[in-house]
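Hi everyone, thanks for making time.

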Amino acid sequence: MSRLTSDTLRIGDTDYPVHDAPLPGTWVCAALEKGYRLAARVIDRYHVALECQVCGTLNLARAFTLNKCRPVCKGCQFRKRQEEAQSVGLVYLGRDPDDPHYGRYRVTDCGHEIRRQFELIKRAIDGTTGVRCEICHRAREEEEACARGWRLVGPDPDGEPNYRLYVHEDGCGATQRIARVNMQTGRFACGTCGDVWSAKPSALYLMRFAAPDRSPVLKLGMSRDPDSRMRHQLGLPDHVEAGILRIVPMETGRAALVAEKRLHGELRRDYPGAVVPPEEFSDYLRVVSEIYDASLEPVILEMLDRVEAAGPQSG
Ligand SMILES: [Zn+2]
Ligand SMILES: [Zn+2]
Ligand SMILES: [Zn+2]
């Protein structure tokens, strides 16, 4: 496989001039010892082209590195990073052009692109750290707040990592620091208007969305005001048909939350194949999870019937 043209050699995406000088025997041996074939001298008397004996990739190296160290094969390194990424649910896309310690990855579950330190991927493989998609994570936190009638503004101004800053969007409009876990469970009150989300009536809902040329999907969720949730908070573009199939009033937000969690658990357990991955709707629906295939409509309607039959305080 001679990639030698008259006087240049293509390495990666670049053509390098061949440096017309004999290949010293010691360099040829050093290359073999380190897993390469010395293909040519390039650029000047300080550089060589090394062909990896494992993967065939041509690498540019300094003659000094060849003789004194162990040159890294870019092809083998790419393959290794691909394998490492795959083992933690990512697809390796290549190095970050701005920082040699970072790589670009696609998250297999949601399709988002993230950048991560190579070192962090190694730690994720060891299990000492997780790899989470911050785009989905942010969207999830926004949704949590939305479901309680609040809006996520951003991180806690006091720097407390478990707290966030929120606005009482469906209430008095006040801004408040709230622990994220309390936002999740609804166990907090608005310090300005006194509104306690978990104690006020709420509702479970089932919505149906149909974008043109796509299979329709269902969203099962809870909100004090499902209609406003659908119209204003989901970020629906005009071309998506949306409708509320069912609303089950619940006596308290707390009961609604418990019931909702139980239903999602049952659906994920009994119909894992009907859970639609975010990449199939994230372009038109501002939510990250708990979207189901439209074929589950009768199943979910029946579940909601059971919740309603059990009474308003059921959870
Ligand atoms: Zn290689
Ligand atoms: Zn994501
Ligand atoms: Zn308020």
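Let's start with C110, which is buried, because its relative accessible area is 6%, and the cut-off for buried is under 20%. Keep in mind throughout that this is a predicted model.

So what does C110 do in this model? Its SG atom is one of the protein donors of the zinc ion (ligand 2). Look at the angles among the four donor atoms: they run from 101 to 120°, and the site is tetrahedral. For comparison, the ideal angle for four tetrahedral donors is 109.5 degrees. Along the sequence, the donor residues of ligand 2 are spaced C-x1-H-x20-C-x2-C.

Okay, on to another zinc ion, ligand 1. Which residues hold this one? Its protein donors are C52, C55, C73 and C76, each through SG, at 2.3 Å. The site of ligand 1 is tetrahedral too, with angles of 101 to 116° among the four donor atoms. The spacing of its donors along the chain is C-x2-C-x17-C-x2-C. Now pick out two of them: C55 is in the loop between β4 (47-52) and β5 (58-62), while C73 is in the loop between α2 (63-68) and α3 (74-87), so this pair ties together parts that are 18 residues apart in sequence. Is C55 buried or partly exposed? C55 comes out as partly exposed, because its relative accessibility is 21%, and buried would need a value under 20%. C73, on the other hand, is buried, at a relative accessible area of 7%.

Then there's the zinc ion that is ligand 3. Here the coordinating atoms are ND1 of H168 and the SG atoms of C172, C190 and C193, at 2.0 to 2.4 Å. Angles of 104 to 118° among the four donors make this site tetrahedral, and the donor spacing reads H-x3-C-x17-C-x2-C. Where do H168 and C193 sit? H168 is in the loop between β10 (163-167) and β11 (175-179), and C193 is in the loop between α6 (180-185) and β12 (202-210). They are 25 residues apart, and the pair links distant parts of the chain. H168 is buried at 2% relative accessibility, whereas C193, at 41%, is partly exposed.

K34 is in the loop between α1 (25-33) and β3 (36-42). K34 is buried but has no salt bridge. The nearest side chain of opposite charge belongs to E33, 5.5 Å away, and a salt bridge has to be within 4 Å. What does the K34 side chain reach? The backbone oxygen of L66, at 2.7 Å. Setting aside neighbours within four places in sequence, K34 is in contact with L66, N67, K68, C69, R70 and P71.

I43 isn't a glycine, yet it has a positive phi of about 65°. You'll find I43 in the loop between β3 and β4, and it counts as partly exposed, at 37% relative accessibility. D213 also isn't a glycine, and its phi is positive, near 65°. D213 is in the loop between β12 and β13 (217-223), and it is exposed, at 82% relative accessibility.

Terms used: Residues are numbered from 1 along each chain as its sequence is written. Chains are lettered from A and ligands numbered from 1 in the order in which they are written. This is a predicted model: local features need pLDDT of at least 70, side-chain atom pairs count only at pLDDT 80 or more; totals for chains, interfaces and linings use all residues. Side-chain values use heavy atoms; hydrogens and water are left out. Donors are N, O and S atoms within 2.8 Å of the metal (3.2 Å for Na, K and Ca); water is not among the atoms, so sites may look incomplete. Four donors count as tetrahedral if all angles lie between 85 and 135 degrees; four count as square planar and six as octahedral if opposite donors are over 155 degrees apart and all others between 65 and 115; anything else is irregular. Buried means under 20% relative accessible area, exposed over 50%, partly exposed in between (1.4 Å probe, protein chains only). Helices (H or I, at least four residues) and strands (E, at least two) are DSSP runs, numbered from the N terminus. Lys and Arg count as positive and Asp and Glu as negative; His and the chain ends are not counted. A polar contact is a pair of N or O atoms within 3.5 Å; within protein, one must be able to donate a hydrogen and the other to accept it, and residues adjacent in sequence count only if both atoms are side-chain atoms. Contact means heavy atoms within 4.5 Å.
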